[in-house]
Amino acid sequence: MDPVFISGQLFTGLSVASLLLLTALGLALSFGLMRVINMAHGEFLMVGGYLTFLAAKLSGPGYLWLAFPLAFLGTALLGALLETLVIRRLYGRPLDTLLATWGISLILQQAARQIFGSTGVPVTAPAWLSGAVTVHGGVLDGLNFPYVRLFVIVLAALVLGVMWWLLGRSRLGMQVRAVNQNREMAAALGVNTRRLDLLVFSLGAGIAGVAGVGLALLSPVNPTVGAAYIVNAFLVVVVGGVGSVLGAGVAALLLGFLTALAEGLTSSSLAQAILLIVVVVFLQWKPRGLIPTRSRALEDG
């Protein structure tokens, strides 16, 4: 096979994996901590993309400095509203949360159609992201690495690093780990578990909003863009190990590379079928995922 083609597909897979990782982080946190199956999580990605579009309209070429805080805070507030009004009333009933959030996802999609239309809205990348790094000479001569995809990869690495520190080194992370392992004992020791649920759910929504900024730089944003990512994001969570941030990172890389290679060699629909088959076979071997976390809630459920 052409090494330039293979390398190009792997690089594309890395950028896809970056978006998958940012989308899956919130799912990994909310399901691992609260056992909430949030089918509306993809719509946080969509909302982040549309907020990026609005930021570009409002502030011009330097819109990224406005887009990131706007997308994060906007989707985090939306997540807080969803958790307070709906999710909080359905804790301990995962199938009910699935149905309720699926309905909310349809409402958000229809709202996006009413406001922005059914066709995708394009966001032009800033001029400093419009070029590419080109390889000259050797077997990879002519291979291009677009700046915008490199930016998305670096963005995902930075967010993963911040989350790694937040969950592993901060007081918030200590409380999250305690509640994840034994909610009743953590509450008895003084942890406000309901407030922690709200904070973690909002944080996951905000991270998905940041993913929406990266998505808007790569492709037009439309009302159904979240649905295109939610299934693969759930696969990342399951393969990585429910509640594991490191596992989600590794799984996103593996599934992103596999998807890109399969799409390059076959077609998009066949690539999805291959991905599902591989995941099913993998889960027969390691049903708890790559890096499982210990959680009394998950073990008892």
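Helix α8 puts the most into the lining of the largest cavity, with four residues. Here helices are DSSP runs of H or I, at least four residues long, numbered from the N terminus. This is a predicted model, where local features need pLDDT of at least 70, side-chain atom pairs count only at pLDDT 80 or more, and totals for chains, interfaces and linings use all residues. Residues are numbered from 1 along each chain as its sequence is written, and side-chain values use heavy atoms, with hydrogens and water left out.

A cavity is a set of points, on a 1 Å grid over the protein atoms alone, where a 1.4 Å probe fits but cannot get out, and lining residues have an atom within 4 Å of a point. Grid points are joined across faces, edges and corners, and a volume is the space filled by probe spheres set on them. One cavity of 30 Å³ or more turns up, and the largest holds about 30 Å³.

## Who lines it

At least two lining residues come from each of α1 (3-34), α2 (41-59) and α8 (193-218). By class that's four nonpolar, five polar and no charged residues, with Gly counted as polar.

## The second largest pocket

A pocket is an open set with protein on both sides within 12 Å along at least five of seven lines. Two or more lining residues come from each of α1, α8, α9 (225-240) and α10 (245-265), and α1 gives the most, six.
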